[in-house]
Amino acid sequence: MAQYTKNGKTVTADDGKDHHLYSEYQPGKSWDTDEFVASNSPITVPYKYAGLFLTYTMLVGFGLSIMLAIIFRFEETTYTHCRVANYFPSTSAAIATTPSAYVWRLVICLCSLPRLLFVLYCYHFYINVSCQLRYYRGLCHLCFIAEMLENLSLIGLSCISSDDNYDIHEILFISFQVGAMLHMILMCIVFKMATTRYDDVRSDTGIFKRKGALQRKMFFCVMNILAFLISIYFFFRHQNRCEPGVYSLFAIFEYLVVLTNVLFHEDTWKDFSNRCIIYGGRAHNKLMTE
């Protein structure tokens, strides 16, 4: 006798068959019909809690790294080649010095694997959405590549600080930001294409309000790009003019780049807030509605 879940109800079967995994999922189905349900799984983690853990771990870790750099290594992290007054350390300078480096690397250790797994999950989900629009699948592939580049570059620049090897750190930072911006732009396009039939509809399964979700993604994407461009302006202005406080303005807008990046990812994770991750069962993917 076996128990399995079907359409939100527990069903008992006594036909001698293995009903451990009940699945209605097939590639090409519409957005709202993807469903993997497994029983007898010891650990089930809702995506909304996993997303909150990643978001707050990143934000708290980043804020703590900056504060520790200001408290314990202020002179070292705000020092510049022209020795003008500055008040805030850049992100690279903060995470290159201890104890901030220990905090940030711990954050990366905790968050890297879940982030990479979510990249794979997100790609698998979107590539199987039934969408007949031209270039949709190609954009899904590009979005996946850009997000992988972003995450792998983040791991690299966190492990190799600007003090360890400035040139490699700089290359990794550039690839991180290019990957992040491309991913955000492509994600907005893919999301719009994948949900074009549902722009003004709230799904009866309660997945999310898609129109509002797209607006939030576009907002964080635009803010991230604007903050990055402004930070670049202040960086080169500092390099050329050496004005007091300009490097601090560069640092502040760099913080905004990090903040908007984390919030964009948090909004992407929020799209799957009614889904669950299963550990210990046969189903390695779970797309379950509330």
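# Briefing on a predicted protein model

The secondary structure of this protein amounts to 8 helices and 6 strands, where helices (H or I, at least four residues) and strands (E, at least two) are DSSP runs numbered from the N terminus. Read along the sequence, these elements follow the pattern β-β-β-β-β-α-α-α-α-α-α-α-α-β. The model is predicted, and for that reason local features need pLDDT of at least 70 and side-chain atom pairs count only at pLDDT 80 or more, while totals for chains, interfaces and linings use all residues. Residues are numbered from 1 along each chain as its sequence is written, and side-chain values use heavy atoms, with hydrogens and water left out.

**Burial and surface**

- Of the 290 residues in the protein, 49% are buried; buried means under 20% relative accessible area, exposed means over 50%, and partly exposed lies in between, with a 1.4 Å probe and protein chains only.
- A nonpolar patch on the surface is formed by Tyr87, Phe88, Leu249, Ile252, Leu256 and Leu259, which together have about 480 Å² of accessible area.
- Patches are made of residues with over 30% relative accessible area and no salt bridge, like charges being joined within 9 Å and nonpolar side chains (Val, Leu, Ile, Met, Phe, Trp, Tyr) within 5 Å; the areas come from the Shrake-Rupley method with a 1.4 Å probe, and for residues only the protein chains shown count as cover.

**Salt bridges**

- The whole structure holds 8 salt bridges, each being a side-chain nitrogen of Lys or Arg within 4 Å of a carboxyl oxygen of Asp or Glu.
- Arg105 and Asp164 meet through their side chains in a salt bridge of 3.7 Å, N to O. This pair links distant parts of the chain, since Arg105 is in helix α4 and Asp164 is in the loop between α5 (136-159) and α6, 59 residues apart.
- Arg105 counts as partly exposed at 30% relative accessibility, whereas Asp164 is exposed, with a relative accessible area of 52%.
- Lys217 forms a salt bridge with Asp271, and their closest N and O atoms are 2.7 Å apart. Lys217 lies in helix α7 and Asp271 in the loop between α8 and β6 (276-279), so the pair ties together parts that are 54 residues apart in sequence.
- Lys217 is buried at a relative accessible area of 0%, and Asp271 is buried at 2%.
- Glu266 forms a salt bridge with Lys270, with the closest N and O atoms 3.9 Å apart; because Glu266 and Lys270 are 4 residues apart in helix α8, they are separated by about one helical turn.
- Glu266 counts as buried at 16% relative accessibility, while Lys270 counts as partly exposed at 37%.
- Salt bridges that share partners also join Arg216, Lys217, Asp267 and Asp271 into one network.

**Helix α4**

- Helix α4 (residues 100-127) has 28 residues and reaches 39 Å from its first C-alpha to its last, close to the 40 Å expected at 1.5 Å a residue; the expected span is 1.5 Å times one less than the number of residues.
- A kink of about 35° lies at Cys111 in α4, shortly before the proline Pro114, the bend at a residue being the angle between axes fitted to the seven residues ending there and the seven starting there.

**Loops and backbone**

- Most residues other than glycine have a negative phi, and most peptide bonds are trans.
- The peptide bond from Thr98 to Pro99 is cis, with omega near 5°, and Pro99 lies in the loop between α3 and α4.
- Arg83, in the loop between α2 and α3, has a positive phi near 60° and counts as exposed at 67% relative accessibility.
- Cys242, in the loop between α7 and α8, has a positive phi near 55° and is partly exposed, with a relative accessible area of 21%.
- Val84 is placed in the loop between α2 (74-78) and α3 (91-95) and is buried, with a relative accessible area of 19%. Val84 and Tyr247 are 163 residues apart in sequence and 9.0 Å apart in space, C-alpha to C-alpha.
- Thr195 is found in the loop between α6 (166-194) and α7 (210-241) and counts as buried at 1% relative accessibility. A polar atom of the Thr195 side chain lies 2.6 Å from the backbone oxygen of Phe191.

Terms used
Polar contact = N/O pair within 3.5 Å; in protein donor to acceptor, adjacent residues only side chain to side chain.
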